[in-house]
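Here is a short report on one protein model.

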Amino acid sequence: SAIEDPNSASNAMLMPNNVAQIEEKFQHEAYDTQWAVMVESQTREKFYAADLNSSDIESVDCRTSVCKIVVTHENQDAEQTFKQALLAEVGNTQGVLHSNTSDQGVITTTLFRLR
């Protein structure tokens, strides 16, 4: 097989299989206005209610059956606090979590929430 340039590998390569599949599905879905708007506002409300000072919502983007929520954290403590708050809050909803630390040391959690 051909030798691949490791620098050309997309982020999807670093994600667990199911995350890559959900990302793929998300990319191809239509935008369900009613559901998406509701979940987007709920997500922001819950996030701010949890008072997570060291984490920030980068984006909340919902389609038809998948929401992609991207949160950045100031440090690992903030990441852990976020995950604990999140699990307590959305423990009964379907979702997949993927954390990543960039070369610059920025910690990002991507949450895919499934309808």
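C62 and C67 are joined in a disulfide, with 1.9 Å between their sulfur atoms. A disulfide here is a pair of cysteine sulfur atoms within 2.5 Å. By this rule the count comes to 1 disulfide. In general, such a link is a covalent bond between the sulfur atoms of two cysteines. The torsion about the S-S bond of C62 and C67 is about 105°, so the disulfide is right-handed. C62 has 0% relative accessibility and counts as buried. C67 is buried too, with a relative accessible area of 0%. Buried means under 20% relative accessible area, exposed means over 50%, and partly exposed lies in between (1.4 Å probe, protein chains only).

The model is predicted: local features need pLDDT of at least 70, side-chain atom pairs count only at pLDDT 80 or more, and totals for chains, interfaces and linings use all residues. Residues are numbered from 1 along each chain as its sequence is written, and side-chain values use heavy atoms, with hydrogens and water left out.

**Overall layout**

The protein has 3 helices and 4 strands. Along the sequence they follow the pattern α-α-β-β-α-β-β. Helices (H or I, at least four residues) and strands (E, at least two) are DSSP runs, numbered from the N terminus. Of the 115 residues, 37% count as buried. Among contacts with a separation of 6 or more, 58% come from residues 24 or more positions apart. Contact means heavy atoms within 4.5 Å.

**The cores**

Which residues touch the most other members of the largest nonpolar core? They are F47, C62, V71 and F82, out of 14 residues in that core. Two or more residues each come from α2 (33-49), β1 (55-62), β2 (66-73) and α3 (76-90). The largest share, 4 residues, comes from α2. Another core, of 6 residues, lies apart from it and includes V19, I22, F26 and V66. A nonpolar core is a set of buried Ala, Val, Leu, Ile, Met, Phe, Trp, Tyr and Cys residues joined through side-chain atoms within 4.5 Å.

The 17 residues of α2 should span 24 Å at 1.5 Å a residue, and the end C-alpha atoms are 24 Å apart, which agrees. The expected span is 1.5 Å times one less than the number of residues. Which residues of α2 are buried? They are W35, A36, V39, E40, T43 and F47. These residues cover an arc of only 125° around the axis, which puts them on the same side of α2. The arc is that of the directions from the helix axis to the C-beta atoms. On the face turned away from the buried side, α2 carries the exposed residues Q34, E45, Y48 and A49.

D51 lies in the loop between α2 and β1. Its phi is near 60°, a positive value in a residue other than glycine. Most residues other than glycine have a negative phi. D51 counts as exposed, at 54% relative accessibility.

| Residue | Relative accessibility | Class |
|---|---|---|
| T72 | 16% | buried |
| H73 | 4% | buried |
| D51 | 54% | exposed |

The side chain of H73 makes a polar contact of 2.8 Å with the side chain of S55. A polar contact of 2.7 Å joins the side chains of H73 and T109. A polar contact is a pair of N or O atoms within 3.5 Å; within protein, one must be able to donate a hydrogen and the other to accept it, and residues adjacent in sequence count only if both atoms are side-chain atoms.

The following contact lists leave out residues up to four places away in sequence. H73 touches S54, S55, A78, E79, F82, I107, T108 and T109. For T72, the partners are S54, S55, D56, E58, V106, I107 and T108. V71 touches residues including F47, I57, F82 and I107. T72 and S59 are 13 residues apart in sequence, with 9.6 Å from C-alpha to C-alpha.
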